[in-house]
Amino acid sequence: MSLSAPPLRPVRGPRGLTRPLGNLFAFGKDPLGFLTRLRDEFGDAVTWSLGPRRSLFLSHPEHIMEMLAGREHTFDILEIGWAFKQITGRSVILSKGEDWRRKRSLVQPTVRPRQVRAYAATMVDCAGAAADAWREGERIDVREQMALITQRVVLRTLFGNDLGEQTGALGAAMDVAGQAVGAELRGIGLFLPAWVRTPSRRALLRAVATMDTEVHRLIEARLSAPGDTETSDDLLSRLLAARDEEDRPLSPKEVRDEAVTLWAAGHETTSTALTWAVHLLSRTPTARARLEAELDAVLAGRPPTIDDYERLVWTQQIVKEALRLYPPVWLVPAVARPGATLGGTRVPAGTIVWCSQWTTHRDPRWFPRPDEFRPERWDADAPQAVPDHAWFPFGGGPRTCLGARFAQVEAALVLATLAQRCRLDLPAAEVAPRAALLLQPSVPLMATVRGRAPAPVH
Ligand code: HEM
C-alpha cells in the first residue's frame with residue numbers, strides 16, 4: 001500500500017537551551033522518548049537544534065523515503081566521530097560521490113542473493129555449533145551467544161576457514177573496537193580533536209592493528225595463490241576478484257577496508273536483531289508455538305537449508321516484526337546540500353535531516369497496536385497492509401544496507417536452527433531498550449535453555 005506524500009510544513013520544535021547546546025541534553029538523556037515527543041507533540045516535520053546545528057526531524061514515511069532516496073545528489077551522509085573511521089577506513093560506508101559509487105558497485109555483487117545462498121550452510125552450522133554447547137537447564141547470556149554465532153558466521157563467510165587459531169583474537173579485537181565506537185558516542189569523545197589519545201582510543205588503535213595484520217596476511221596469501229578453489233567462494237576472494245567499469249581491481253588497502261566494513265556492519269547488527277527476537281518469542285508463547293509448528297512441518301527434524309527459506313514464512317515474519325519493534329539501527333541522519341527540497345519545500349543547506357526507525361516503526365498510524373509483537377501483521381492477507389516505506393530497518397534509497405538479504409537470511413536460519421532444538425526462556429519482566437550506537441537491551445538477557453524434541457516425522 002502506498003501513501004501519498006503530503007506537503008512538508010516544518011513546525012518549530014522545543015527550543016531547549018541557548019545555542020550551541022540546544023536540545024543536546026534532553027536528546028542525550030532519553031533519545032527514544034525525545035524523538036517520540038517530537039513526533040507526537042509537533043507533527044511530521046519538526047525543526048530543532050542539536051548542538052550548534054539546525055536539525056529537521058521527519059516522521060512521515062514518504063518524506064523519509066524522499067530523503068533516503070536523495071542521498072546520491074541532494075543529501076550527504078553525516079560524518080560523526082573518529083572511532084568508526086579507524087575501523088572502516090575509506091570504505092563504501094563512509095565515502096561519498098564518485099568514490100562511493102565505484103566502491104558500492106564493486107562490493108554489491110559480493111553479497112547478492114545468489115552469493116548469500118552459498119553462505120546459508122555456514123549460518124546453520126554456526127548456530128548448530130553454539131546450540132551443541134548448551135546444556136539442558138543451563139543459563140546463557142543471549143546477547144553474548146548471538147554475538148558469538150554472528151561473529152563466527154561473518155568471519156567464516158569473509159575468510160573461509162583460513163583464520164584457524166586467529167578467530168578468537170580477531171573476534172576479541174572487533175569487540176574492543178566496537179566498544180570504543182559506543183564509548184565515543186556516549187561520552188565527550190565526539191568533541192575531542194583527532195590527535196588526543198584517550199585510553200579508549202589507544203585500545204581501539206591496538207585492536208585495529210591486530211585486525212590489519214591478520215587481514216593483510218590473508219590478502220597477501222590469496223594474491224600469491226590466485227584461483228585456489230578452497231577459498232574462491234569467500235567474500236575476501238570475491239572482493240579481490242571484483243573489477244570496476246574500467247577493469248580496475250580494488251587495491252589491497254581498499255579490500256581490507258571493505259572486508260572489515262562488511263564485518264563491522266554485519267555482525268553486531270544481526271546479533272542484536274536475534275537477541276530481540278529471542279526476547280520477544282520468550283514473552284509470546286503463541287508466536288513461539290506457531291514457529292515450532294512451522295519448523296516441525298517444513299523441516300521434519302533436519303537442519304534448515306537455503307531452499308527452506310522461502311517456506312519458513314512465519315519465521316521470516318518473526319524476524320520482520322522483531323526488526324520493526326527493536327530496529328538495531330534506530331536513527332539515520334543526512335545533511336542537506338544546497339538546493340535540497342523535501343515534499344516540495346526547500347531545506348536550507350547544512351540542515352541535518354533525521355529520521356528514526358524507532359518512532360516510525362511504532363507510529364500507530366501505520367502499525368495498529370504498535371507496541372505489541374504481532375508477526376501476523378505481516379500475513380499476506382492481513383486486514384491492514386503495512387504502508388510502503390513505514391518499515392525501513394535497512395534504510396532505503398541508493399545507500400540502503402548492502403547486507404539486508406544476508407542479514408534476513410541469517411537471522412531466519414539461525415532462529416530456525418535454535419528454535420528447532422530448544423527454547424530459550426527469559427524472565428517475564430519487561431526489558432527497556434538502550435539507544436547506543438545500536439538499540440540494545442538495557443540489561444543482560446539471561447535465558448534458561450530447555451531442550452525440545454521435534455514432532456515425530458509422519
Ligand atoms: C539486522 C542486521 C542489519 C541492519 C539492521 C542493518 C542496517 C543498516 C542501515 C540502517 C544502513 C544505512 C542505510 C541507509 O543509510 O539507508 C546500513 C548500511 C550498510 N550495511 Fe547494514 N544492516 C544489517 C546487516 C548488515 C550486514 C549483514 C552487512 C554485510 C554483510 C551490512 C553491510 C552494510 C553496508 C556495507 C552498509 C553501507 C552501505 C552504503 O553506505 O552504501 N549490513 N545497514
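Arg222 and Asp234 are both buried. This is a predicted model, so please keep that in mind throughout. The side chains of Arg222 and Asp234 form a salt bridge, with N and O 2.9 Å apart. The two partners sit in distant parts of the chain, 12 residues apart: Arg222 belongs to helix H9, residues 199-224, and Asp234 to the loop between H9 and helix H10, which covers 235-241.

How many salt bridges does a search of the whole structure find? The search finds 40. I will go through a few more of them.

Take Arg248 and Asp244. Their side chains meet in a salt bridge as well, at 2.8 Å from N to O. Is Asp244 buried or exposed? Asp244 is buried, because its relative accessible area is 9% and the cut-off for buried is under 20%. Arg248 has a relative accessibility of 39%, so Arg248 counts as partly exposed.

Arg248 is located in the loop between H10 and helix H11, residues 252-283. Arg248 and Asp244 also belong to a network of salt bridges, together with Arg102, Glu246 and Glu254. One distance for orientation: from the C-alpha of Arg248 to the C-alpha of Gly397 is 26 Å, and these residues are 149 apart along the chain.

Next pair: Glu79 and Lys85. They form a salt bridge whose closest N and O atoms are 3.7 Å apart. Glu79 is at 40% relative accessibility, which means that Glu79 counts as partly exposed. Lys85 is at 36% and therefore also counts as partly exposed.

Now the surface. There is a positive patch, and which residues form it? They are Arg12, Arg15, Arg54 and Arg346. Of these, I looked at Arg15, which lies in the loop between strand E1, residues 11-12, and helix H1, residues 24-29. Arg15 counts as exposed because its relative accessibility is 62%, and exposed means over 50%.

There is also a nonpolar surface patch of about 580 Å². Its members are Ile80, Leu185, Ile188, Leu190, Phe191 and Leu437. Ile188 is in the loop between helix H8, residues 166-186, and H9. With a relative accessibility of 62%, Ile188 counts as exposed.

On to the ligand. Which protein atom is a donor to its iron atom? The single donor from the protein is SG of Cys401, 2.3 Å away. Cys401 is placed in the loop between helix H15, residues 357-361, and helix H16, residues 404-421.

You will find Gly343 in the loop between strand E7, residues 341-342, and strand E8, residues 345-346. Its relative accessible area is 23%, so Gly343 is partly exposed. What is the distance in space between Gly343 and Pro7? Their C-alpha atoms are 4.8 Å apart, while in sequence the two residues are 336 apart.

Arg248 and Asp244 are part of a network of salt bridges. The iron atom of the ligand has Cys401 as its single protein donor. That is the end of my part.

Definitions and conventions. Residues numbered from 1 in each chain as written. Predicted model: local features only at pLDDT ≥ 70, side-chain atom pairs only at ≥ 80, totals over all residues. Heavy atoms only, no water. Patch = residues over 30% accessible without salt bridge, like charges linked within 9 Å, V, L, I, M, F, W, Y side chains within 5 Å. Areas by Shrake-Rupley, 256 points an atom, 1.4 Å probe, with all protein chains shown as cover. Salt bridge = Lys/Arg side-chain N within 4 Å of Asp/Glu carboxyl O. Lys, Arg positive; Asp, Glu negative; His and termini not counted. Charge placed at Lys NZ, Arg CZ, Asp CG, Glu CD. Helix = DSSP H or I, 4+ residues; strand = E, 2+ residues; numbered from the N terminus. Buried < 20%, exposed > 50% of the residue type's maximum accessible area, 1.4 Å probe, protein only. Donors = N, O, S within 2.8 Å, 3.2 Å for Na, K, Ca; no water.
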